[in-house]
Amino acid sequence: MTNSWNDVQYTDCALIMGANPAENHPISFRWLTKAKENGGKIVSVDPRYTRTSAMSDIYAPLRSGTDIPFMGGMIKYALDHNLYHKEYVAKYTNASFIVKDSYKFEDGLFSGYNAEKRAYDKTQWAIEKDAEGKPVKDFTLEHPRSVFQLMKKHYSRYDVDTVVKITGTPKDELLKVYEAFCATGKVGKAGTIMYAMGTTQHTVGTQNVRAFAIIQLLLGNVGVPGGGINAMRGESNVQGSTDFGLLYGNLTGYLNTPVSTDPLNATLAGHLEKETPKTGYWSNKPKFIVSLLKAWYGPNATAANEFGYQYLPKGNKNYSHINLFKAMYDGKLEGAFLFGTNPVVGGPNAGKEKEALSNLKWLVAVDLWETETSAFWQKEAGSDPSKINTEVFLLPACSSYEKEGSVSNSARWMQYRWQAIKPLGESRADLEIIHELMTKIKGLYKNEAGPSAAPINALYWNYGEGHHPDIDLVCKEINGYDVNTGKLIAGFGNLKDDGSTCSGNWIYCGFYPEEGKNRAKNRDKKDTGMSLYLNWSYAWPMNRRILYNRASCDPSGVPYNKEKAVVWYDAAQGKWTGVDVPDFVATRKPGDAGFEDPFIMMNDGVGGVFAPTLNDGPFPEHYEPYESPAKNPFSSQEINPTIQLFDGKFNERGFKADYPIVATTYRVSEHWQSGTMTRNQEWLSELVPHMYIEISEELAKEKGIKNKDKVIVSSARGEVKAYAMVTKRFKPHTIDGKKVHQIGMPWHFGYKGFATGDTANRLTPHIGDANTTIPEYKAFLCDVRRA
Amino acid sequence: MATEYVKFVDVTKCDGCRACMVACKNWNDLPAEQQDFLGSAQSHAKTTADTWNVLQYIEHEDSKGKLDYLFRHSACFHCTDAACEKVCPEDAISYTDFGTVVIDHEKCVGCGYCVNNCPFEVISLKEYVDKNGDKYRKAHKCTMCTDRLEEGLQPACVTTCHTGAMEFGEKAAMIKKAEERVKQIKDRYPNAMVYNPKGVGGTHTVYVLAEKPSVYGLPENPKVPTSAVIWKDYAQPIGKMMIGATTMAVVGAFITNTIISKKKNGKNEDGGDSHE
């Protein structure tokens, strides 16, 4: 999130799209309820009328997979009706930048497309630079090749009638949403967008979020209280997990993993050159990368050996979930560690993922309970154990209440938690499990030489002796310290690239700035202003609660909304101050370079309306989901032209002739993820004991299905049995004059626990987003019949 | 004069999360009882002896066809003039100083008069087997966490509710809040009303409903049945005097269950579907 949960209370309009927070982030409604009491409006856009819709002021349906037309239409609406924040757009975004004339867009493709590689040459989308290498700008936004005019031209195709035809949203409801949300473009008004997997789990997921970014920049909603682009994380610590590099393409702190396919990555110097921009705060990357290497390799990382850079594994493949399971299916993986993950229920094309597991030589599952995945080989799972040769180990993990450590919530607040009770039996904390594993592995390699052993021997594993590592040592290493004096570092501004500092994760540098002051443990309940609670937990970066909060003020440093001011320039003190920590160099004065550039992490200091680094284009463009019931009205490109395709039996594709119904999956309040925790709880299982699908009255009638009937849902990849919940909350969409039905279902169920049922993910496709490879769980095709 | 308290339930702030159902089970150590699929998000058809609070989920279309999805935390109303208290032949049901209605399970003989006469169908019997293998029954329902109130705490459901849809406080203050809330939400919920039925003397669970009571399957105008009054206040004492307590109990059971009972073939007389 750019903002926070508490901050939502200050919004004038919350657009909730691709999410159902009343069910899946219920505490958010404590704050949305406050927003309503303060006159804020709630807008719910969802294929189904959900509990969130029931709490909203405005509801509009849309067919799953049509977020870009919906938002593209909103962008056009804001531009046509002059509802955007003109000064903000001109000064704080790259709308004024002139794009090179090599940039073109025609029939669904941007310039530079290579059909064979299914990839773009992004240099074709470059910005014009002046003699000093700075972007050429037109602050009037009238230059025909300005980002602003190119955007206007791009979204001129997203007129209301075309949008209505492809989304199925009734026209008057569409306009009500546009009107309500675009009203926040007025200076002093703020709108927030709250979203989750309904936005991201598509082959165009990244571009769905980009569309939100564009509208929020146009309306001046980034950096202001009650505004922002707010991803509601689906797990208590998934923010922490991505921060700490658990994404396949990242080291910690969102640094890129060096890949061997780029020759520049052969040396540290080459890698630093490739990765480091000349401007913007990322120009400090070498300090973060070298400090990270010093954390990992300690005294074994020196200037003489490129700080251990050669010890880092450099991959040559895409190591995303869907690619790993494809490799597993093809027999290319020997073993796997599955830490608290249950792909037999949660993975896309779950039936195939289950088959893939039996190709492993060994599997280590680390869980609180035996899950559908760790038990994949059992008869109960539908397997024949005599035919499976995988050796399966189950390491019992303890729950979050039985161990200490921190979690980072959606708002980037790092909150330390203490152990409440001792773990049951032999169950252990992940920290201990990893510590013991690594200690043993290092022991096994310690007398070996050669390229395999070297990185393991060089790894500096300095967390104390014995089973239980000293977590405080881990905390200090994450924060970072001077390697010569041992003194903790106060903030990432003090990290160096000369090997004198270490830091396991630069974005958290500053959470533990001195001995005895682990700020993740801060628990002061006093509201320090605007519900920011600066002394409760620690928010990265540097405890800044609202990202880019400089943009809440005009170019001279005066807040756009004086009643909801969070930071401002204090001329008397000669610095930026406020009730939030300024996300800006506090001492920057009027006239200083960059005084008017709030987006400090961007190379040019301004927000990106135009994003030329993404794989599928600098502007979001509509493509239909991989399995679609409709023709793309915007171009002849039916699907995202840059997504990785999988051939053969691993990902059978369905077409509308056989599977005419749009399907989506979602979660309920009472169950969580793949149900390993909640379906082992009696009171939660009692609330939602059965697998069901939600089906409209109209579709039920067509199929002769009555409420409570057992039905079979089929896709190109599998079949599941479920109860039919016939409901008014789904209505058929009218897509280009034709009736298109949609159903939805929870994906929590599996064969273990108190509440069992068929696994929805046996239906979902094994295909992912063009940038992140997140699977397209949210829009595919199916058919339904009575059982 | 003891202070009466009211649990104020504003269904328009409820998001249907059901944390209140789990809080109730947790505090009262009630067992889970998985039901068959009921065709909606609702987990139980109604409250039972082991499930004292059930979230209702209602899809309601108004006369213009506009859809709303309504939620209601449903539990004992803790009536001021409770039918269950009135008809219990063993005086097992009584009022506390808080205004709550509680059952003394030592006295309860499981006759079921209370079940048959509750206008809201919230009280239920549970069957047990004693050490001799004999069956017996006891009545159960929401206690308004009277045990927590005695320690200065609020009911578990209220404490857990995260949207503030439920509040617990002095009766006059809660009723005033309810009345003001109805005015506040008239735009979004034109049919909103305070449900605090006079026919049972008002209740200690007071609702702001988003729609008419019948939309929720609630009686529009519930009362303690006159027959029950006559029976309890007049016929029973006279009968006991004339023919003895035990015979009276047997006769009483027969009369109550076949003649006076509100239930006719399982349907509540006052309820039923209603569409605008």
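A residue counts as buried when its relative accessible area is under 20%. The model examined here is predicted, and this cut-off is applied to its residues below.

In chain A, 58% of the 787 residues count as buried. The chain contains 21 helices and 27 strands. Its radius of gyration is 26 Å, close to the 28 Å that the globule rule gives for 787 residues, so chain A is as compact as a globular protein of that length. The C-alpha trace of chain A spans about 75 × 65 × 55 Å along its principal axes. Among contacts in chain A with a separation of 6 or more, 70% are between residues 24 or more positions apart.

Salt bridges were examined next. Side chains of opposite charge can pair when their charged atoms come close. Over all chains, the structure holds 47 salt bridges. One of them lies between A:Arg544 and A:Asp583, whose closest N and O atoms are 2.7 Å apart. This pair links distant parts of the chain, its two residues being 39 positions apart. A:Arg544 is in the loop between β17 (538–539) and β18 (567–570) of chain A, and A:Asp583 is in the loop between β19 (575–578) and β20 (661–666) of chain A. A:Asp583 has a relative accessible area of 3%, and because this value is under 20%, the residue is buried. A:Arg544, with a relative accessible area of 13%, is buried too.

A second salt bridge joins two chains. B:Arg18 pairs with A:Glu670, and the closest N and O atoms of the two are 2.7 Å apart. B:Arg18 lies in the loop between β1 (5–10) and α1 (19–28) of chain B, while A:Glu670 lies in the loop between β20 and α20 (682–687) of chain A, so the bridge runs from one chain to the other. Both residues count as buried, B:Arg18 at 2% relative accessibility and A:Glu670 at 3%. The two also belong to a network of salt bridges that links them with A:Glu23 and A:Arg51.

A further salt bridge is formed by the side chains of A:Asp330 and A:Lys326, with an N to O distance of 2.9 Å. Here the two partners fall into separate accessibility classes. A:Lys326 has a relative accessible area of 19% and is buried, whereas A:Asp330 has one of 37% and is partly exposed. The value for A:Lys326 is under the 20% cut-off, so the residue still counts as buried.

Rolling a probe the size of a water molecule over the atoms shows where empty space is left. The structure holds nine cavities of 30 Å³ or more. The largest cavity has a volume of about 210 Å³. It is lined by 26 residues, and those closest to its centre are A:Tyr692, A:Met725, B:Arg18, B:Ser40 and B:Ala41. By class, the lining of the largest cavity comprises 12 nonpolar, six polar and eight charged residues.

The second largest cavity has a volume of about 160 Å³. Of the 19 residues that line the second largest cavity, A:Gly188, A:Lys189, A:Val224, A:Tyr560 and A:Asn561 lie nearest its centre. Its lining is made up of eight nonpolar, seven polar and four charged residues.

Note on methods:
Residues are numbered from 1 along each chain as its sequence is written. Chains are lettered from A and ligands numbered from 1 in the order in which they are written. This is a predicted model: local features need pLDDT of at least 70, side-chain atom pairs count only at pLDDT 80 or more; totals for chains, interfaces and linings use all residues. Side-chain values use heavy atoms; hydrogens and water are left out. A salt bridge is a side-chain nitrogen of Lys or Arg within 4 Å of a carboxyl oxygen of Asp or Glu. Buried means under 20% relative accessible area, exposed over 50%, partly exposed in between (1.4 Å probe, protein chains only). Helices (H or I, at least four residues) and strands (E, at least two) are DSSP runs, numbered from the N terminus. On a 1 Å grid over the protein atoms alone, a cavity is a set of points where a 1.4 Å probe fits but cannot get out, and a pocket is an open set with protein on both sides within 12 Å along at least five of seven lines; lining residues have an atom within 4 Å of a point. Grid points are joined across faces, edges and corners, and a volume is the space filled by probe spheres set on the points. Ala, Val, Leu, Ile, Met, Phe, Trp, Tyr, Cys and Pro count as nonpolar, Asp, Glu, Lys and Arg as charged, and the others, Gly among them, as polar. The radius of gyration is taken over C-alpha atoms; the globule rule is 2.2 Å times the number of residues to the power 0.38. Contact means heavy atoms within 4.5 Å.
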